[in-house]
Amino acid sequence: MQRRVKKMDNLVPVPSLGLIPERDVGATPILDIHHLGIDFGGLHAVDDFNLVIGRTEIAGLIGPNGAGKTTVFNLLTNVYTPSRGVILLDGVDIRGKSTHQLNKMGIARTFQNIRLFKDLSVEDNVKIGLHNAFTYSLASALFRLPSYWTSERKAHETSLELLSIFDMQGLADKLAGSLPYGAQRRLEIVRALATSPKLLLLDEPAAGMNPSETGELMDNIRKIRNTFEIAIMLIEHDMNLVMGICEGIAVLNYGRIIAKGTPDQIKSNPVVIEAYLGRREEAGA
Amino acid sequence: MNQQTKKLSMPLRYVINTALFAMLLLAGTALVNSGAVSGYYTKVLMLIGINIILTVSLNISTGYLGQLPLGHAGFMAVGAYASAIFMTRVGLDANIAFPIGLLLGGVTAGIFGILIGIPALRLKGDYLAIITLGFGEIIRVVLLNIDSVLGFKLTYGAAGLKSIPKTTTFFNTFLCVGIVCFLIHTMMKSRHGRAILSIRENEIAADACGIHVTYYKVLGFAASAFFAGVAGSLYAGYLGILNPSSFGFMKSIEILVMVVLGGMGSMVGSVLSAVVLTAIPELLRAFSGYRMIVYSLLLIIVMIFKPSGLMGMYDFSMSHMIEKIINHKPGQKKRNAKAGEENG
């Protein structure tokens with residue numbers, strides 16, 4: 001949690017643009033993926049996936065439906081075990097690590113279809129994210145030893161502080177399942193942040209939000225990156241959001257990366273346009 | 001609650017609750033000892049106490065962990081036999097042997113819980129129900145058919161283990177009830193308890209939040225088995241004779257019914273339904289021909305009109321009641337009621 005104390009001055013002023021392969025990233029990138037792939041039966045759901053993400057970069061992963069975007073997230077969190085390839089998180093090979101170990105190593109995520117702990121309070125949802133941040137033994141919980149009280153107090157304070165990012169402290173006692181849709185998405189982000197990640201994976205954070213909520217979300221994602229100094233990788237279909245906040249974008253189609261670059265490069269890339277809109281001749285024919 | 005309302009500090013809450021519990025316990029013991037409560041009703045009360053422990057213990061794995069094990073009577077049997085063998089074999093004074101026997105019963109059952117939990121908790125839902133049912137039956141059948149281990153007469157098989165010192169009293173039963181409820185409460189209101197709850201709510205999300213799902217599943221299951229073992233030990237000292245047939249499948253179902261009727265995930269509900277479902281068959285003895293019909297009808301009616309159980313997921317808190325009384329001012333009734341709802 002100390003990372004939050006630092007001010008924006010320490011932040012890389014120009015985004016690292018690690019997505020662009022030609023560029024030297026300098027410091028060890030937070031994520032370095034080589035030839036990642038997974039097969040479902042004979043289908044190469046993701047194949048030859050190469051990507052570098054800088055330490056404080058906001059990266060976008062876009063592509064048509066069924067391109068394999070969420071599969072990439074599932075590979076990064078070992079929900080699926082990769083068939084091929086190497087993933088280096090902060091220079092460390094994460095092969096064979098289970099999902100909860102990866103979370104401890106610094107990968108946190110949200111889900112496309114919201115997965116909150118619906119029958120628990122908003123505060124408890126965040127506290128579950130803080131599970132490994134403030135620890136004490138089972139005996140200390142059972143007999144209410146001092147370490148229980150100090151850790152629980154810190155967890156309570158930190159969870160309210162985290163909720164205040166999205167101005168949700170007032171909702172702390174509400175049941176997570178009773179929140180409106182947008183607030184549930186925001187709570188999921190807060191819960192992921194509570195695990196103090198180095199890399200935050202957001203799976204369609206703006207899905208189901210109206211334009212003003214999306215605008216707010218864009219500011220908040222930037223704010224999170226700046227205060228926590230973490231890398232954020234997001235999957236999103238809302239092009240305003242992707243083009244607005246991502247410093248680097250990768251386009252995925254049929255499990256392969258077809259283009260990488262800055263938002264401007266992606267917008268004018270003929271291959272991308274073809275993947276999204278089809279070829280001119282075909283349309284004419 | 002909003003900031004104007006007074007809140008009791010946590011240590012004060014524990015003091016109040018402990019004092020209340022001690023008063024009730026001592027008052028009850030005085031009544032029983034003075035002979036105001038007949039021997040028969042004392043027996044019923046003790047059985048209620050044992051059933052409360054069984055129900056709150058099964059509630060850990062069913063209500064909090066969200067699994068459906070059907071072999072709870074098996075853990076009870078392990079605890080009962082472990083402590084009974086200890087108490088009959090070790091020539092200690094009964095007053096010393098009893099608490100050790102209780103712990104030993106709990107620990108043995110807890111170890112069985114870990115051993116069974118590790119393979120069984122890889123499965124979910126009905127598969128888990130069936131595999132735990134199988135383990136429960138294995139324990140019963142083994143106890144039924146093995147009467148000597150390595151030449152030592154230990155369990156006496158189908159003939160039953162007899163002449164166990166009858167050490168269970170009203171006082172120590174309800175002392176155990178208090179301690180077990182306190183320990184379950186403190187476990188659930190901690191990071192470990194929240195981890196167990198998160199598995200019930202959403203296993204994938206819990207895993208992604210850095211929670212070691214297998215560890216906490218086995219922990220919850222073992223805690224559940226541990227307390228069932230404690231209840232079994234009390235049961236051994238209560239009856240003075242153990243027979244494997246009393247730990248059959250129907251016993252597991254009986255405990256499960258109590259948990260479901262009380263409301264899964266509510267400790268107050270578990271306690272309440274253990275009291276009601278133990279007392280009703282006894283109170284209806286006068287109409288012995290109809291008592292099982294009344295019992296079944298009660299279950300059906302509750303399940304139709306309150307499918308989430310008597311208490312749902314509500315948990316009663318003495319301190320909240322006291323806070324409400326402290327903060328009560330005329331004209332504020334509505335707001336307090338609302339705050340109470342939110343806390344509930």
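View 1. Chain A places 26 residues in contact with 23 residues of chain B (in contact: C-beta atoms, placed from the backbone, within 7 Å). On the side of chain A that touches chain B, two or more residues each come from α2 (99–105), α3 (122–129) and α4 (138–142) of chain A. Helices are DSSP runs of H or I with at least four residues, strands are runs of E with at least two, and both are numbered from the N terminus. That side of chain A has eight nonpolar, eight polar and 10 charged residues (nonpolar: Ala, Val, Leu, Ile, Met, Phe, Trp, Tyr, Cys and Pro; charged: Asp, Glu, Lys and Arg; polar: the others, Gly among them). Residues are numbered from 1 along each chain as its sequence is written, and chains are lettered from A in the order in which they are written. In this predicted model, local features need pLDDT of at least 70, side-chain atom pairs count only at pLDDT 80 or more, and totals for chains, interfaces and linings use all residues.

**View 2. Crossing of α3(A) and α5(A).** The axes of α3(A) and α5 (residues 146–163) of chain A come within 9 Å and cross at roughly 105 degrees. The two helices are therefore roughly perpendicular (65 to 115 degrees). From α3(A), Val122(A), Glu123(A), Val126(A) and Lys127(A) make the contact, and from α5(A), Ala155(A), Ser159(A), Leu162(A) and Leu163(A). These residues divide into five nonpolar, one polar and two charged.

**View 3. Secondary structure of chain B.** Chain B has 14 helices and two strands. The C-alpha trace of chain B spans about 75 × 55 × 45 Å along its principal axes.

Conventions: Two residues are in contact if their C-beta atoms, placed from the backbone, lie within 7 Å. Axes are lines fitted to C-alpha atoms, for helices over the stretch in contact, and angles run from 0 to 180 degrees between N-to-C directions. Angles under 35 degrees count as roughly parallel, over 145 as roughly antiparallel, 65 to 115 as roughly perpendicular and the rest as oblique.
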